[in-house]
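Colleague: I am new to this structure. Please walk me through how to read it.

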Amino acid sequence: MFRLAIIRAFIHILDLAIKHILLAVSGGIAVYKSAELVRLLRKQGAQVRVVMTHAAMQFVNPLTFQALSGHPVHTELLDVDEEHAMGHISLARWADVLLIAPATANTLAKLSHGLADDLLSTLYLAATCPVYVAPAMNQAMWHKLVTQENIQKLISHGVMMIGPEQGDQACGETGYGRMSEPVDICRRLMAEPVIECLSGIKVLISAGPTREPLDPVRYLTNRSSGKMGYALAEAALKAGATVTLVSGPVSLVPPVNAALIQVETAAQMYQAVMSNAEQHDIYIGAAAVADYSPVLSEQQKIKKHTERSSVTLQKTKDILADVAKLPRNRPFTVGFAAETDNLEYYAKDKLIKKKLDMIAANWVGRDLGGFDSEQNALQVFWENGAKNLQMTDKKYLAEQLISLIAENIKNYEKNTA
Ligand code: PMT
C-alpha cells in the first residue's frame with residue numbers, strides 16, 4: 001500500500017530564504033575557514049548563531065565568532081545562564097538550518113551513534129530542521145571504513161554532506177578531507193532555492209546499465225552512462241528527499257548524500273531494488289536493465305574455434321513491473337521508456353501493462369538526448385495527464401521531473417483521499 005500518511009505529513013514547500021543558521025564548529029584546523037563562513041552568510045542576510053566545541057576553541061577564540069556573528073558564542077551544554085537565555089532546545093528551535101562545519105571524524109562518529117555529551121551533539125539530536133555537515137579531516141581518516149560507515153549512516157538519516165574536497169592538507173598530505181571553501185558552503189545554503197517538495201520522502205532510484213557476462217572477459221551491455229539516473233538522485237536530494245541509488249557500472253561520481261548500492265548484472269539490480277523497495281516511498285527506474293542475459297556464463301574465456309557462434313539468452317526479471325506489483329508498502333512507481341520509434345504508444349503501453357503511476361519516455365538512437373548525452377527531453381505520462389519536458393541539461397530536466405512527481409503524488413493523494 002502506498003504510504004499516503006507519510007506523504008501527507010511531509011509534502012510542503014519551504015520558505016525560500018533561510019533566515020536563521022545555527023553554525024556548529026568542531027575542532028580542526030579548518031575552524032579558521034568557518035569564521036569567514038559566518039561573514040559570508042551574514043552578507044547574504046542570514047542571522048547566524050555559533051556553537052563551538054571545546055576542541056574548536058583551541059583553534060580560534062570564541063570572541064572571533066562573537067564579533068563576526070554579533071551574538072555570544074554558545075559553548076556549554078550545562079550552563080545555568082545559557083539555559084536561561086538560549087539553551088540547546090531553544091537554539092534548536094530557533095534554527096532554520098543546522099550547519100556543522102568543520103565536522104571532525106570524532107563529531108561524525110558521535111552524531112551517527114546518537115551520543116549527546118556536549119552542546120553540539122545534543123543540538124543535533126534536538127534539531128528538527130535540515131542538517132548540513134561539512135567534514136574536515138586527514139585523508140586517511142576520511143577513507144577509514146568506520147568513518148565512511150558513519151557518513152553513510154548519517155546520509156541515510158537525511159543529513160546532507162557538503163564536501164569534503166580533494167587537495168593539499170594542513171598535515172602535508174594530499175587527498176580528500178579538506179573542508180569545502182566557505183564560498184561554496186554559503187552558495188549551497190543560500191544561493192540555491194530550497195524547494196523541499198520531497199522533504200522527508202524516501203526515494204529509491206536505479207541508474208546506469210547492467211552487464212550480463214558471457215565469460216570472464218566479455219559481457220552484454222547497453223549505452224547507458226547513468227547520467228539521467230544520477231541527475232535524478234541529485235534533484236531528489238535537493239528536493240529534500242532521502243535517496244538510495246542502485247547503480248550499474250558507470251564512471252560517474254555518485255552524489256555524496258545518497259546511499260549508494262553498486263551492482264553489475266540485472267539479477268543483482270533486481271535483488272538490490274526489491275529488497276529496498278518496500279522501505280521507500282517512491283521508486284524511479286531510470287536504469288537501462290538488460291532485457292535478456294546469457295543462459296550460460298562460461299567459466300573460461302570462449303575460444304574462436306568456429307566461423308559462427310550463437311548465444312542463448314533468457315529473459316531477465318522485470319524489476320519495474322515487480323515493484324509496481326508489490327502487495328504491501330508499494331512505492332509510488334515511476335518507469336522510463338527508451339524508444340527508437342512510436343515513443344508515445346510504447347510508453348503508454350508500458351504505463352498500463354506494468355501498472356505504473358507515471359512513465360517518462362525518451363527517444364534513443366538520435367543525435368540529441370537519450371543515452372550518454374548531457375541533454376535529454378522527456379514525454380511524461382500518467383493516468384489522466386501528460387507533460388512534455390523540453391530538451392535541456394539532464395540536471396535541469398531531472399529537477400523538472402522530480403517536481404512533476406511531487407505534484408503527482410499530491411494529485412494522487414487528492415484523488416484517493
Ligand atoms: O544513463 P543515460 O546515458 O543518462 O541515459 C538515460 C536513459 C536513456 C538510460 C534513461 O533516460 C532511460 O530511458 N532509462 C530506461 C531505459 C530502458 O531500459 O528502457 P526500457 O523501455 O527498455 O524499459 C522500460 C522500463 O523498465 C525502464 O524503467 C527500465 O528500468 C525497466 N526495466 C526493464 C527491464 C527489466 N528487466 N527491468 C526493468 O525494471
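**The ligand and its surroundings**

Modeller: Start with a polar contact, a pair of N or O atoms within 3.5 Å. Here a nitrogen atom of the ligand lies 2.9 Å from a polar backbone atom of Ala-286. An oxygen atom of the ligand is 3.0 Å from a polar backbone atom of Phe-336. For Ala-338, the distance from a polar backbone atom to a ligand oxygen is 3.1 Å.

This is a predicted model: local features need pLDDT of at least 70, side-chain atom pairs count only at pLDDT 80 or more, and totals for chains, interfaces and linings use all residues. Residues are numbered from 1 along each chain as its sequence is written, and side-chain values use heavy atoms, with hydrogens and water left out.

Colleague: How many salt bridges does the count come to?

Modeller: A salt bridge is a side-chain nitrogen of Lys or Arg within 4 Å of a carboxyl oxygen of Asp or Glu. The count comes to 15. One of them pairs Glu-181 with Lys-33, with the closest N and O atoms 3.2 Å apart. That pair links distant parts of the chain, 148 residues apart.

Methods
A polar contact is a pair of N or O atoms within 3.5 Å; within protein, one must be able to donate a hydrogen and the other to accept it, and residues adjacent in sequence count only if both atoms are side-chain atoms. Helices (H or I, at least four residues) and strands (E, at least two) are DSSP runs, numbered from the N terminus.
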